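Please open the structure in your viewer, with selection by residue number at hand, and follow the stops below in the order in which they are given.

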Amino acid sequence: MQLPYRREIDGLRALAVLAVIFFHARFPFFTGGFVGVDVFFVISGYLITSIILADMQSGHFSILGFYERRARRILPALFCVLAVTVATAPFLLLPKELADFSQSVTHVVLFVSNVYFYNNTGYFDTAAELEPLLHTWSLAVEEQYYIVFPVLLLFLWRWKRALILPVLLAVAVASLAYSEHEISSNIYAAFFLAPSRIWELLVGALVASHGHRIRSFPVFAQWSSLAGLGLILYAVFFYDNGTPFPGLHALIPVIGTALVIQFASPATWVGRALGSKALVGVGLISYSAYLWHQPLFVFARRESIAEPSVAVFAVLTLATLGLAYVSWRFVERPFRDRARVSQHRIFSFAGTGMTMFLALGLFGTHSAAFNDIYRSKLDQRQLAIWEDGGPGSAPDTGDCHQQHATVSGDFAERFDACFRKYGKGLIVLGDSHGIDMYNAMKATSGRPFVFGVVQGGCRPHTPPKKGHCPFGDFRNFLSTHAAAVEDVIYTQAGFYLVQDSDGTPGDRDFFKLRSVPLYSPNAVFVDRIVEYLGSLTPYASVIWIGPRIEPHLNALKLKHLAMDCTIAHLDVQDNTDRTFRQLDAYIKRAISANPAITYISEIDAVTFDEEKDLYDCNSVYWSDGDHWTTAGEMQFGKRIYSVLSARGLL
C-alpha cells in the first residue's frame with residue numbers, strides 16, 4: 001500500500017545525511033553530526049512500520065513482499081558503490097590493507113559489518129577514518145532488525161493486536177537499558193551492535209503505531225515540532241566523540257526526530273522549512289549520498305600526509321551529492337519500478353550480486369595472489385618496508401617474552417615458571433603505547449624475562465571502552481609476587497592526558513584539526529596515574545616513561561613515500577610539539593611528590609628529530625599517527641634503553 005507522501009520527512013533525511021557527511025569531513029561545529037544515523041533509524045522504523053501496518057489492515061501484507069521492498073531499496077545502490085570501491089581499492093591499498101578491506105566486503109554483503117567493525121575498530125578511532133566501508137554498520141543493524149521485526153509484528157497482529165504497543169515499548173525500554181549499561185562496560189558493543197540500537201528503530205515504530213491520535217492540535221504541533229528540531233540540532237552541534245553514546249544521550253536526537261515526524265506538517269514552520277525544494281532534493285538522494293561519502297573521504301585521507309583541507313572536503317561533499325544524484329536517478333529509481341524490474345528479477349539480482357561480492361571478498365581475504373603479484377614487483381628494501389606489520393606485530397623472541405592483556409588464567413603459573421628459570425622479571429604495563437614499549441624492551445634490553453601486561457584502550461584514569469582492564473588485578477598480583485618482579489615500566493598515550501580550553505579530555509581528534517591549538521595538561525588524569533603507580537611502589541621499582549611527541553601524520557602515505565624512496569621534509573605542527581613538551585614538564589612536577597616513582601622523559605630519551613624519525617628509504621617508524629612500527633620500536637627502543645641503562649635502572 002502506498003502511504004501519503006510527506007515532504008518534511010525527506011527534508012529530515014537531508015538534515016540527517018548532511019550532518020553525517022559534515023561530521024566525517026570534520027567541518028567546524030558539526031561535532032555531533034554522527035547522530036544523523038540515529039535520525040535515520042527513527043525515520044526507517046516509522047516508515048517501515050507504517051507500511052507494514054497499512055498492508056496488514058488492507059490484508060495485503062506478506063513477508064516475501066516485505067523483503068522484496070527492502071531489496072529494491074537497499075541493494076542496487078549498495079552494489080553500485082561496492083563495485084566502484086572494490087575496483088578502486090587495489091590501486092590505493094597495500095596487500096595487507098586490501099585483505100582487511102576484502103574481509104569487510106564479505107561482512108557488508110552478509111549484513112554483519114557492524115559485528116566486523118565492532119571486533120576490529122571503533123567508530124571514533126583513527127583507524128576508522130581509513131575504513132572505506134565503515135558506514136555500512138548502520139545498514140547491518142537495520143537489516144538485522146528487519147529479520148525479526150516484521151515476523152513479530154505479524155504474529156502480534158494475528159494473535160492479539162492490543163499487545164503491539166506494550167510489546168514494542170517493552171522491547172524498546174529493554175534495549176535502551178542495555179545500551180546504557182554497555183556504555184560503561186563495552187562502549188563499542190553499545191555503538192555497533194543491534195541489541196543496543198533497536199530501541200531507536202522501535203521509537204519510530206511506536207510513532208507509526210499511534211501517532212495519528214494527537215496530530216489535530218495546531219499550536220501544540222507547532223511548538224512540539226520546533227522542540228524536536230531543536231533537540232536534533234543541539235545534538236549535532238554540542239555532542240562530540242567524547243559523548244557517551246548511544247545510551248541515554250541518544251534520547252535527545254531520537255526524541256527530537258520522533259517529535260518532528262509526529263507533529264511537523266505543511267501547516268507548521270518546521271514542516272515548511274524541511275519541505276523546501278533544496279532539502280527535499282537532498283533527502284531524495286540521501287541514501288546514495290550516505291553510501292558514497294565514506295569511500296570518497298577515506299581514499300582522500302589515505303592519499304594525504306596530513307588531514308585534507310576544508311576546501312578539499314567541500315569539493316568531495318559536492319562530488320558525493322553529484323554521484324548520489326546519478327545513482328539515485330539511474331540505479332535506485334529503475335530498480336524500484338516494478339513495471340521495469342519484476343519480483344523474480346530483483347531477487348535474482350540480489351542473489352547474483354551478493355554471491356559475486358562474497359566471492360570477491362573471500363578471494364581477497366584468503367588468496368595469496370595479491371601478495372604474490374605485489375611481492376614480485378618489490379626489491380628487498382621495499383619488501384622490508386611493506387612487511388613491517390605495525391604495532392604489536394613483532395613475534396615473541398623467547399619463552400619468557402610474553403604479552404598478556406590481563407593477569408587472569410594461567411598468567412601467574414607462567415610468570416612463576418619464568419622466575420624459577422631466570423630470576424626477577426621486567427613487566428611493561430600500559431595501553432597500546434605500552435605494547436610498543438613492551439616490544440621495544442624485549443628487543444633491545446637483552447633481558448630474557450620480559451612480560452607485557454598491556455591492552456589497547458586501557459588506562460588507570462578512565463574506564464575501559466571495551467572489555468576488562470588489568471590494572472586492579474595487576475596490583476593484586478604484584479602484591480603477592482613482589483619477590484619475582486624487579487621493575488615495572490608504565491607508559492601510555494599522551495593525548496589522553498591533555499584537555500582543551502573547555503576542559504574536554506583529549507583524544508586523537510584533538511590533533512586532526514587543520515590548526516592545532518596548544519592544549520593544557522589534564523591534572524585530574526595525571527594525578528590518578530600518579531596515585532595508581534604509587535600504589536605499586538611498595539612491591540617493585542616503578543618507572544613511568546612519559547608520553548612521546550606524536551606526529552599524527554598519515555603513516556600509510558609515509559609507507560608509500562618510503563617504498564618509492566621519496567624523501568620530503570615533513571613538519572609536525574608547532575603546537576603539537578609544544579603540547580607534549582608542556583605535558584612532559586607538568587608530569588615531572590606532579591610526580592615529584594612521590595619520589596618512589598622514577599620518571600623518564602621519553603621526549604628527552606628519544607630526542608625526536610623530524611628529519612630522521614618519521615621515515616627514510618629503508619624504514620617507516622610510525623604505523624599510524626602515534627604508534628611505532630617494528631622498525632620504530634628498534635629505532636626508539638635503543639635510545640630509551642640506553643637512558644635507562646645509563647641511570648642504572650635496568
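Begin by selecting P246, which is found in the loop between α10 (218-238) and α11 (251-263); helices here are DSSP runs of H or I with at least four residues, strands are runs of E with at least two, and both are numbered from the N terminus. Most residues other than glycine have a negative phi, and most peptide bonds are trans.

Before you move on, note that this is a predicted model, in which local features need pLDDT of at least 70 and side-chain atom pairs count only at pLDDT 80 or more, whereas totals for chains, interfaces and linings use all residues. Residues are numbered from 1 along each chain as its sequence is written, and side-chain values use heavy atoms, with hydrogens and water left out.

Next, turn to the disulfides, a term used here for a pair of cysteine sulfur atoms within 2.5 Å. How many disulfides does a search of the whole structure find? The search finds three, and with bonded cysteines counted along the chain they follow the pattern 1-2, 3-4, 5-6.

Select C400 and C418, which are joined by a disulfide with an S to S distance of 2.0 Å. This pair links distant parts of the chain, 18 residues apart, with C400 in the loop between α18 (380-387) and β1 (401-404) and C418 in helix α19 (residues 411-422). The link of C400 and C418 is left-handed, with -95 degrees about the S-S bond. C400 is buried at a relative accessible area of 3%, and C418 is buried with a relative accessible area of 3%; buried means under 20% relative accessible area, exposed over 50%, and partly exposed in between, for a 1.4 Å probe and protein chains only.

Move on to C458 and C469, whose sulfur atoms lie 1.9 Å apart in a disulfide. Both C458 and C469 lie in the loop between β3 (450-454) and α21 (471-480), so the pair ties together parts that are 11 residues apart in sequence. With -90 degrees about the S-S bond, this link of C458 and C469 is left-handed. Is C458 buried or exposed? C458 is buried, at 0% relative accessible area, and C469 also counts as buried, at 11% relative accessibility.

Now select C565 and C617, where a disulfide has an S to S distance of 1.7 Å. C565 lies in the loop between α23 (555-563) and α24 (574-591) and C617 in the loop between α25 (602-606) and α26 (630-646), so this pair ties together parts that are 52 residues apart in sequence. The torsion about the S-S bond of C565 and C617 is about 95 degrees, so the disulfide is right-handed. C565 counts as partly exposed at 36% relative accessibility, while C617 counts as buried at 18%.

Stay on C565 and look at its backbone: although C565 is not a glycine, it has a positive phi of about 55 degrees. For another such stop, select H552, which is not a glycine and has a positive phi of about 50 degrees. H552 lies in the loop between β7 (541-545) and α23, and H552 is buried, with a relative accessible area of 8%.

Finish at C80, which is partly exposed, with a relative accessible area of 25%.
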